[in-house]
Amino acid sequence: MATEDLMTRALDMLGDDGPLSVEAIHRLTEPADVPESMVIAEVAELLDVSPHTLRYYERAGLVEVARDGNGHRVYDAQAVRRLVFITRMRLSGMAMRDLQHYVSLVDAGEHTEPERLDMLLEQRDTIRRRLRELTLSLSAVEYKIATYGGSTGPDVQASGSGTGTGRTASPHEPWRRAE
């Protein structure tokens, strides 16, 4: 499953109810009604990833999966919870090597919590920077839409007159202030 598709699904689960809440995060990290054991196809469907991705995470050492008598993977609730976390961290842009290190710290025990906290604080800072960069990019796109007379939507405040920005531009000339 492509990262973009997984992000769309995660955002759809949250809805447009305003800021994220602890309950919303729990919905993303603790799948409701997860059976005690699931086969790979069920987990793939639940997380909206491919079975290939799940096998990759297993080979990478991010999750341990038991096998049944026929050698088929059987995911318990703990493995599914870990996979939920892994998919969220991958969506946030965390590198596989960092995820592998984080998981090895978790597996090593509670005494690694300070290092895990440091890793998560660093990831939070990275995400916040990406959000600022994306906000700036969105502003540039909204500005350009307005210069062509398009609507920027109800959540964007327009200033100026005419196109909503007080600025004009053509596709082949630099942006300039409208006179």
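Glutamate 133 and arginine 129 share helix 7 (residues 113-147). They sit four residues apart, about one turn of the helix. Their side chains meet in a salt bridge, at 3.0 Å from N to O. Glutamate 133 has a relative accessible area of 38%. The model is predicted.

This pair is one part of a wider set. The structure holds four salt bridges.

Next comes glutamate 58. This residue forms a salt bridge with arginine 73, and the closest N and O atoms are 2.5 Å apart. Here the partners come from distant parts of the chain. Glutamate 58 belongs to helix 4 (residues 51-59), while arginine 73 belongs to strand 3 (residues 73-76). The two are 15 residues apart. Glutamate 58 counts as buried because its relative accessibility is 18%, and the cut-off for buried is under 20%.

Salt bridges with shared partners join Glu58, Arg67 and Arg73 into one network.

A further contact connects two helices. Arginine 82 forms a salt bridge with aspartate 107, with 2.7 Å between the closest N and O atoms. Arginine 82 lies in helix 5 (residues 77-91) and aspartate 107 in helix 6 (residues 96-108). The pair therefore ties together parts that are 25 residues apart in sequence. Aspartate 107 counts as partly exposed, at 48% relative accessibility.

How values were computed:
Residues numbered from 1 in each chain as written. Predicted model: local features only at pLDDT ≥ 70, side-chain atom pairs only at ≥ 80, totals over all residues. Heavy atoms only, no water. Buried < 20%, exposed > 50% of the residue type's maximum accessible area, 1.4 Å probe, protein only.
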